[in-house]
Amino acid sequence: SEYTLDPGKEFTTPALIHTWSGSGSGDASRNLHRWARKHCILDGEGKRETLLNNWEATGFDFNEDQLTALIKDGKKLGSDVFLLDDGWFANKYPRDSDHAGLGDWDVNKKKLPHGIGHLVKEAEAAGIKFGIWLEPEMVNPKSELYEKHPEWVIQSPNREPHYFRNQLVLDLSNPEVQDFVYGIVDKILTENPTMAYIKWDCNAVIFNAKSASNPHPSHLFVDYVKGFYSIMERLRQKYPEIPIMLCSGGGGRADYGALKYFTEFWPSDNTDPLERIFMQWEYSYFYPAISSS
């Protein structure tokens with residue numbers, strides 16, 4: 001896209017990564033793996049933990065007792081982390097489906113009357129770590145956030161809204177939105193200092209790309225990514241070690257630019273065991289196994 005620089009300003013293009021092998025693609029692949037583990041991926045030479053996610057068991061429909069039982073089962077199965085997925089937040093527009101609540105990151109009092117901290121303690125008592133799902137870049141039109149700040153959403157005023165999973169994308173080129181997204185993550189980690197894992201999801205792409213605050217329409221895609229990285233820089237300065245999965249349906253967030261802030265990425269929402277073998281294999285040409293969930 002076209003990017004206009006003011007006098008005295010600099011623009012850094014994304015890095016080009018390349019390797020060479022005189023002994024076939026296997027050696028070229030291993031070159032990339034060694035470079036990535038040593039110099040790019042966060043904690044690339046560390047270890048990864050096994051987690052149990054409640055999503056396949058409960059979807060949006062759960063309560064404290066059900067989650068506590070799953071936490072205990074996760075320990076019995078040998079999992080290191082129990083991860084609470086989508087559906088734990090929003091009260092005015094409860095997150096009981098993907099049609100509402102996204103953007104309102106207050107704990108749902110009906111599902112979790114004792115809050116996230118109660119579940120963290122249940123996990124600790126069971127001898128397992130606790131993690132949580134977030135999708136802080138997104139918003140449902142049916143949410144308190146959208147009611148308060150429709151100008152924070154990427155959308156063209158001259159076109160019909162296009163919803164992907166019934167949601168829209170927040171404008172991360174806007175510094176106010178960057179502060180909001182940072183605040184979501186900072187708040188939950190501050191309130192729960194033993195939180196051990198975050199699944200950072202991104203279930204929509206940008207349609208009708210128009211920013212209400214960015215004076216250069218053609219800058220939006222570049223400035224969005226720069227805003228995203230700015231948020232992650234701030235988070236990693238304060239929370240340098242917590243594992244965070246870079247998740248996106250279809251593997252849309254598998255990129256080395258972001259993996260310096262994340263410990264791993266999610267290749268696909270297709271979890272069919274046979275098909276997954278081929279996906280993991282193909283990703284393994286470019287990414288070391290430690291980076292692929």
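1. Helix 3 crosses helix 4 in a right-handed sense (the near helix is turned clockwise from the far one by less than a right angle; helices are DSSP runs of H or I with at least four residues, and strands runs of E with at least two, numbered from the N terminus). The model is a predicted one, in which local features need pLDDT of at least 70 and side-chain atom pairs count only at pLDDT 80 or more, while totals for chains, interfaces and linings use all residues. Residues are numbered from 1 along each chain as its sequence is written, and side-chain values use heavy atoms, with hydrogens and water left out.

2. Helix 3 (residues 64–77) and helix 4 (residues 115–126) pack at about 30 degrees with axes 9 Å apart, the axes being lines fitted to C-alpha atoms over the stretch in contact and the angles running from 0 to 180 degrees between N-to-C directions. The two helices are therefore roughly parallel (angles under 35 degrees).

3. On the helix 3 side, E64, L67, T68, I71, K72 and K75 meet G115, H118, L119, E122, A123 and A126 of helix 4, where contact means heavy atoms within 4.5 Å.

4. E135 sits in the loop between strand 3 (129–134) and strand 4 (138–139), and it counts as buried at 0% relative accessibility (buried is under 20% relative accessible area, exposed over 50%, partly exposed in between, with a 1.4 Å probe and protein chains only). The side chain of E135 reaches the backbone nitrogen of N203 at 2.6 Å.

5. E147, in helix 5 (residues 144–148), is partly exposed, with a relative accessible area of 44%.

Note on methods:
Angles under 35 degrees count as roughly parallel, over 145 as roughly antiparallel, 65 to 115 as roughly perpendicular and the rest as oblique. A polar contact is a pair of N or O atoms within 3.5 Å; within protein, one must be able to donate a hydrogen and the other to accept it, and residues adjacent in sequence count only if both atoms are side-chain atoms.
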